[in-house]
Amino acid sequence: MSAFEPRVFSGVQPTGNLHLGNYLGAIKRFAALQDTHNCIYCVVDMHAITVWQDPAALQAAIREVASAYIAAGIDPKGSIIFNQSQVAGHAELAWVFNCIARMGWLNRMTQFKEKAGKNRENASAGLFVYPSLMAADILLYKGTHVPVGEDQKQHLELTRDIAAKFNNDYAERIAELGLGGEDGYFPMTEPLISGAATRVMSLRDGTKKMSKSDPSDLARINLTDDADTIAKKIRKAKTDTEPLPGDADGLKERPDAANLVGIYAALADVSVADVLKDHAGAQFSAFKPALADLAVAKLAPIADEMRRLKADPGFIEGILADGAGRADAIARPVMQGVKDIVGFLTTRK
Ligand code: AQP
C-alpha cells in the first residue's frame, strides 16, 4: 500500500483546435474520475509556449480549454481547474527536476523528436525539457494517477524515473527531515490509459494520431464543430471497401476501420466487441451515418455549452483564479519540502 493519498492530476495544452482525441483520450475521462478521486485539472499554458503562440490567441485558448473542461462535466467546485502559469511552484519544481533528469533520458523522448523534426537545432530549449515540467506539474501535488492518452506514456515513465532518482539521491535527507517514509518524498505516479480510444487516429490517415496541428481540418473533429461539420468529416473519413468484421481480430491491418469503430465504442461507452456484434457485416455507407448521429448527440451539447461559456470570459477567469488559489495552497508546502530537502535556504516564511 502506498503511503500517498490518491490524487488525480492531468492537463491539456491551450494550443487551439481541441479535438475528439483530446476529449476521448483525456477530458471525458477527467470528468468520470471525479466520482472516485480528488482531481486537479490544469490548463498547461507554460507547455504551450515551448512552440510559438500568438499572445492574444493563447489567452483565448486558455479560456477555451477551461470551458471544455466545464462543458464536459468537470465540476470546478469539487475539482480544481486552473492554468499552470498562475502557480509559481510549477516553474520552481521544474528547475529542480531539470537538475535531476539526465540528458540521455530526455534525448530518448519520441515526442521531442517528432515535434522538433529535422530542425532540432532550432527547437526551443523548453521543448527539450518539456518532460521535466510535466513531471513537476504532477509531483507538485504528489499526483498518484494521471489520465492521459497513449502518446503520453513515455513522459509518465520519465516522471517516475525523476521521482525515483529524487527519492534516492536525497533519501538520507528526506529521512533526516522526517519528510517521507519508506516510499520517499514523491509517489510513483501511475498513468491511467484505458478504454477504446486511448489513441484516436486521423480521419484522413488511420496510421497517424489525430492532432491539433494537422494541417487538414478534415483529419480531426474539433470540439467546437457544428453538427453538419461533424457529419461531413465522418462521411469523408478514409475507409477501406470491406464490410465490418464480426470481431476485433478482423480489424487488424485495417487502421482506418479500427479507428472509426474505436471512436464509436468510446463515444457509446461500450467495448469494441459490442460495436462489432451490433454492426458485423455493415458497409461503411451504413456505419458512418450511425457514427455521425452518435458523435453529434454526444458532442453537440458540449459545443453548445462551450459557446455559452465563451461568451462570459469573466466567469471562466473567476474559476481559474479560484482554482489557482486552491492549487497553490496544496503546492506550497510540497515545494517548501523540496527546498528544504535539496538544501535551499528559506529566510522568509
Ligand atoms: N489522438 C489522440 N488520442 C487520444 N488522446 C489524445 N491526446 C492528444 N491527442 C490524442 C491526449 O490529450 C491530452 C492533451 O493533449 P495535449 O494537448 O496536452 O498535447 P498533445 O498530445 O500534443 O495534443 P496534440 O493534439 O497531439 O497536439 P499537437 O498537434 O501539437 O501534437 C493528453 O492526455 C493526450 O494524451
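Visitor: How far is an oxygen atom of the ligand from an N or O atom in the side chain of S213?
Guide: This is a predicted model, in which local features need pLDDT of at least 70, side-chain atom pairs count only at pLDDT 80 or more, and totals for chains, interfaces and linings use all residues. Residues are numbered from 1 along each chain as its sequence is written, and side-chain values use heavy atoms, without hydrogens or water. A polar contact is a pair of N or O atoms within 3.5 Å; within protein, one must be able to donate a hydrogen and the other to accept it, and residues adjacent in sequence count only if both atoms are side-chain atoms. For S213 and the ligand, the distance is 2.5 Å.

Visitor: What percentage of the area that the ligand exposes when taken alone does the protein bury?
Guide: Accessible areas come from the Shrake-Rupley method with a 1.4 Å probe, and for residues only the protein chains shown count as cover. Taken alone, the ligand exposes 650 Å², and the part of this that the protein buries is 94%.

Visitor: Which residues around the ligand come nearest?
Guide: A residue is near a molecule or strand if one of its heavy atoms lies within 4 Å of it. There are 22 residues around the ligand, and those that come nearest are D151, K209, S211, K212 and S213.

Visitor: Which element supplies the largest share of the shell around the ligand?
Guide: Helices (H or I, at least four residues) and strands (E, at least two) are DSSP runs, numbered from the N terminus. Both β1 (7-12) and α1 (20-33) supply at least two residues of the shell. The largest share, four residues, comes from α1.

Visitor: How many residues of the shell around the ligand are charged?
Guide: Ala, Val, Leu, Ile, Met, Phe, Trp, Tyr, Cys and Pro count as nonpolar, Asp, Glu, Lys and Arg as charged, and the others, Gly among them, as polar. By this division, six shell residues are nonpolar and eleven are polar, while the number of charged ones is five.

Visitor: Is S10 buried or exposed?
Guide: S10 lies in strand β1, and its side chain reaches the backbone oxygen of P147 at 2.8 Å. Buried means under 20% relative accessible area, exposed over 50%, and partly exposed in between (1.4 Å probe, protein chains only). Because S10 has a relative accessible area of 3%, it counts as buried.

Visitor: What is the length of the polar contact that joins the side chains of N83 and Q86?
Guide: N83 is found in strand β3 (residues 80-83) and is buried, with a relative accessible area of 7%. Its side chain also makes a polar contact with the side chain of D45, at 3.0 Å. The contact between N83 and Q86 is 2.8 Å.

Visitor: How many of the residues of helix α8 (residues 130-139) are buried?
Guide: The buried residues of α8 include Y130, D137 and L139. Helix α8 is largely enclosed by the rest of the structure, because the number of its ten residues that are buried is ten.

Visitor: Where does K142 lie?
Guide: Phi of K142 is near 50°, a positive value in a residue other than glycine. The position of K142 is the loop between α8 and β4 (145-147).

Visitor: Is E253 buried or exposed?
Guide: E253 has a positive phi of about 70° although it is not a glycine. It is placed in the loop between α11 (227-236) and α12 (255-268). Because its relative accessibility is 79%, E253 counts as exposed.

Visitor: How far apart in space are L320 and A66, C-alpha to C-alpha?
Guide: L320 lies in helix α15 (residues 313-342) and is buried, with a relative accessible area of 4%. L320 and A66 are 254 residues apart in sequence, yet their separation in space is 7.8 Å.

Visitor: What distance separates the C-alpha atoms of A292 and E190?
Guide: A292 is found in helix α14 (residues 284-310) and is buried, at 7% relative accessible area. A292 and E190 are 102 residues apart along the chain, and their C-alpha atoms are separated by 34 Å.
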